Amino acid sequence: MSKHSPFSSAMGGYKPALILGVFLLTLGGLYTTMRLSLLSTASAFAGLAIAQSNVDLSQKYIPSPGSPGFYGGNSSAAVTIDQHSLLLDGKRIMVFSGEFHPWRLPSIPLWRDVLEKMKAAGFNSVSIYLHWGLTEGKPGVLNFEGHRSVTKFLDVAQSVGILVIVRPGPYINAETSGGGFPGWLTNFKDAARSNGTDFTAAWKPYIREVSKFVAPYQYPAGPVILVQSENEFSMDDPSNRYTYGHTDHMKWIMEEMRENGITKVPITHNDYRSGGQYASGAAKVDLYAWDGYPLGFDCSHPNVWNEVDSSLNANHQKWNPAEPLYLAEYQGGAFDPWNGPGYGACYNLINEQFANVFYKNSYAAGTYLQNLYMTYGGTNWGNLATPTVYTSYDYGSAISEDRSLTVKYGELKLQGLFLHATPHYHLAGRISTGTSLSTSNQIFTTHLATPQNQNLYVVRQTTNANTARVEFDLRVNTTKGEVTLKNVALNGRESKIIVSEYPFGSSILGYTSAEVATWTTLDGSDHIVLYTSNQTTTTALYTNSTSATSSSSSMTASVSSGTALISGSPSSSGLTRVTVGKTSVWVADKAWLAPRIWQPRVSGTSGNGRYDLSPRTGSVLVFGPYLVRNATIKGSTIAINGDLKSGTTTELEVLAPSSVKSVTFNGKSVKVSKTALGTLKGSIVTKDLTPKLPSLKALKWKCTDSLPEVAVKFDDSKWVVATKNSTARPVEFQPLGGKTVLYSDEYGFHAGNLLYRGKFESKATGVRLSVQGGYNFGFSAFLNGQFLGSGQGRSGSDAAGGIDLVNATYTFPAGLVGKENVLTVVVDNMGLDEDWNSRDEFKAPRGIRGYELLGGGDFSSWKLTGNVDGEDTKDIIRGPLNQGGLYVERIGAIYPGYSTASWNTTGCSPFTGISKAGITAYKAKFALNIDQNTDVPVAFKFERTPTSNYRVMLYVNGWQFGRFTSNFGPQTVYPIPEGILNHRGENDILLTLWSLDAAGAKVANVELAPTIILSSSKEIIRGLAA
């Protein structure tokens, strides 16, 4: 291990008490003006061992048993860590990461679009879960095709130039069915997430194959920088009989990874809270991390905030002070339950204000690796969802489900640009916290400083309950003495990072009451971009120049005693430039700047420089477009690629080297001229690109009965006969009646709708059923073709409590029972529960859990069916979680090639619906002709009838991309990714309409609608995903 931190090495190993002398000897004549500042700094450094510290803590590092070692100074690996950061090839980086699940966006060409958007916002890393359940639908049969392909995703990431954190589980949680476990695992007697022999043998092939796929992509050969073992795994709860003390489970996963090639990057784990699990001990990981969701998931009260976490730094120092603080999942949004307020409310809870206050609090604690869960959420297509959530997994993320950019995206962009532009942040120790540096006791300041006296002051309100504007003065240190910044303001829930002695290029900003966005050096001249909102700013720039000029009368500039003083307020729109010698200070209003600023890299990006967003790479500044994906300079032309809003005029402004004389955008020349600011500026007119979409009401619909199984004579000869009379599940999941176990998973049906046919010959008078399908599930029961009744669950978030199990008793109508009788039960299975608590909750039964004939006799046989082909999925592209077991699914009617020649045409329309309880399928085709140079996400937009108990499944070209439940909601808009929907050709859609009411149901309305319309340079998608 290294015995010297970068600080102690640079200073020759001096102790903090001697640092003051070094500064004084170096700066000589500045002693008088610096004295107070340096004395306060030096005294604070003496106590840094218990806070973010520049004291070398490497001796406190606890190696991971069996690891090749990744600690800086004691490892030859290309990826190393120390207390200050993760390092690539010995160079410090801020890991600014966002969560994205490729399998929630199965149109593979759109992966590039999302990754390019993330990188454009300053994300230099993406974190991905891999899904065991999607990959191994049958024990021993692993399928990494299509959207499950590890290597395809890593290839795209490497091409885009974004680093990757791989998180394969085997358990992932993620609001997905079974938490990512395959359904067949529910039948194991072994507890999941334990040291059990059978459970261990089950996950090993999956982890082995994933590791082999990932190994060639470890940095520096590829983009992978970290691999995570397990997920929020707790084994220290004595009350948990399943996993208490099961350290070997974690250790064995790491061993399997390392044995199969994961030896070049650190292995991590995300503790569900900062509890120190796997920060030490036999299963200690290379880099310990934890998760944080400070506002939880109550989207119904988006204005209710908890306070920021003030214990981040203390917990870091307690558990792993020799490692960088890594928040492996920090709240980027929130999931919304069935019957919830919708993702608009979740966004309002975790909005740009949240990002501004809570993330800056994390930086104040010295967070050097941060992953935001989610940054792009995507869709729970098919049967991906756990019963808690519905089809959309938008999550209130910075990038919406339809891949459009939110206001929060702009806030994150400003943070990402700043963090990459400020490498000295990694070496800044904590000097003080509290209210003493400001003139208001409502303002809390965290003061960070490097040994070189480079300062960062993170200011926020002392309480999130204060939503009023507060103005205050702030005392900051400089090498020329303490300075008081006047009239700094926070607009309610707001935080700012104020800097002093800020180096950029060859220049130094003495101090500023504005915030730094980023900087770049062009033609030997330094350019720094500052922003503010609703306040006058004061900025000091050290200079040898004797004059300064401002482009605007609202900003004044003067030079005195080697310092240029800049003050004023920027325009509410546009840039103000203050030129001081060869240095330029650009100031803008935050609301104007955030959505418009882009900093594409144009040099230093060869090889692994492609991942570098620090000042080590050369960049230009572009202002105006909706999105800038990338830019290149060739000769005197800069070629910019990006997106523009339809029907708008975009003012494009470029700050580039003087050799650049012309500009192209998406390959088309833009007429530009040199402005008084020195930028190139021009206008891009984007015509109205709104496509003509067909009316779904005008289509030629065909329909067929999708519940013929209610007929007594229905041919069920190919169905599975239920023969089990016991189950290995925990005691709490044992049957509630009947001699035969009818759990669908016991017979190989793990997803989607289930159907049962029970036969009896007695003169029974009724039946008692216990049906379990997860929160919000539904079922209907029929005897000899006649409707008996339906039942439904309830949301887990309901004030009255969630319902996932319904007990129902039905009296048979007089005269209905004959010699041969068939009870048919159809169940809307909402997926498997998760196993977050490691208590085998995911083994909760699905289907009929108990039964009893009333009035005498018993069932002579039970048969059941479920997802098509059971565990022998033949649709290897979509995989095992796309379909259920409805009749139209089993006959292949969901696919475009299926012939509907025998289907009805008269009176067939989902808008007419059905007049009785049951299920009808409606199928139609339509063509689209959307310009290939646009990005127009198209959604199916339903209208709810909350009083009508019906459910719709939406299939688009064979993909199930919507579960619409009219009475529960809240989702009504279902975006369909391009590639699932054919934007330039024919589309095949199928709707199943299930009325749980005897009176029947109809769809009030559903229409196609664009969610955003852009002229785009995204990858052109040709054809369909399958």
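Start with the aromatic rings: there are 51 aromatic pairs, where rings of Phe, Tyr and Trp (its six-membered ring) count as a pair if their centres lie within 6.5 Å. A pair of aromatic rings is described by the distance of the centres and the angle of the planes. Planes under 30 degrees apart are called stacked, those over 60 edge-to-face and the rest tilted. Select W132 and F181, an edge-to-face pair with 5.8 Å from centre to centre and 85° between the planes. W132 belongs to helix α5 (residues 132–135) and F181 to the loop between β6 (163–167) and α7 (197–214), so the pair ties together parts that are 49 residues apart in sequence. The helices (H or I, at least four residues) and strands (E, at least two) are DSSP runs, numbered from the N terminus.

Before going further, note that this is a predicted model, in which local features need pLDDT of at least 70 and side-chain atom pairs count only at pLDDT 80 or more, while totals for chains, interfaces and linings use all residues. Residues are numbered from 1 along each chain as its sequence is written, and side-chain values use heavy atoms, with hydrogens and water left out.

A cavity is a set of points, on a 1 Å grid over the protein atoms alone, where a 1.4 Å probe fits but cannot get out; lining residues have an atom within 4 Å of a point. Grid points are joined across faces, edges and corners, and a volume is the space filled by probe spheres set on the points. The largest cavity has about 130 Å³, and the model has ten cavities of 30 Å³ or more. Its lining holds five nonpolar residues, nine polar and one charged. Here Ala, Val, Leu, Ile, Met, Phe, Trp, Tyr, Cys and Pro count as nonpolar, Asp, Glu, Lys and Arg as charged, and the others, Gly among them, as polar.

**The largest pocket**

A pocket, unlike a cavity, is an open set with protein on both sides within 12 Å along at least five of seven lines. The largest pocket holds about 910 Å³ of space. Select K590, A591, W592, A594 and P595, which are the closest to its centre among 40 lining residues. Two or more lining residues come from each of α11 (352–364), α12 (407–421), α13 (590–593), β32 (637–645) and β33 (649–655). Which element gives the most to this lining? It is α12, with six residues. By class, the lining has 15 nonpolar, 13 polar and twelve charged residues.

**The second largest pocket**

Now select K119, V160, R601, R629 and N630, which lie nearest the centre of the second largest pocket, lined by 27 residues. Its volume is about 510 Å³. β31 supplies the largest share of the lining, six residues. Eleven lining residues are nonpolar, nine polar and seven charged. Why does this pocket lie between domain 1 and domain 3? Domain 1 (91–379 + 386–405) and domain 3 (601–692) both give residues to the lining, so the pocket lies between them; the domain bounds come from an automatic or database domain assignment.

**A hairpin**

Select strand β34 (residues 662–665), which pairs with β32 in the parallel sense over four bridges. Two strands pair if DSSP finds at least two bridges between them. T637 has S662 in β34 as its bridge partner. On to strand β35 (residues 668–670): three bridges join it to β34, and the two run antiparallel. V663 has its bridge partner, V670, in β35. β34 and β35 form a hairpin with two residues between them, and N666 in the turn has a positive phi of about 55°.

**Backbone stops**

Select Y373 and M374, joined by a cis peptide bond with omega near -5°; M374 lies in strand β11 (residues 367–376). Then select G969 and P970, where the bond is also cis and omega is about 10°. P970 is in the loop between β52 (959–965) and β53 (973–976). Last, select Y278, a residue other than glycine with a positive phi, near 70°, in the loop between β8 (267–271) and β9 (287–292).
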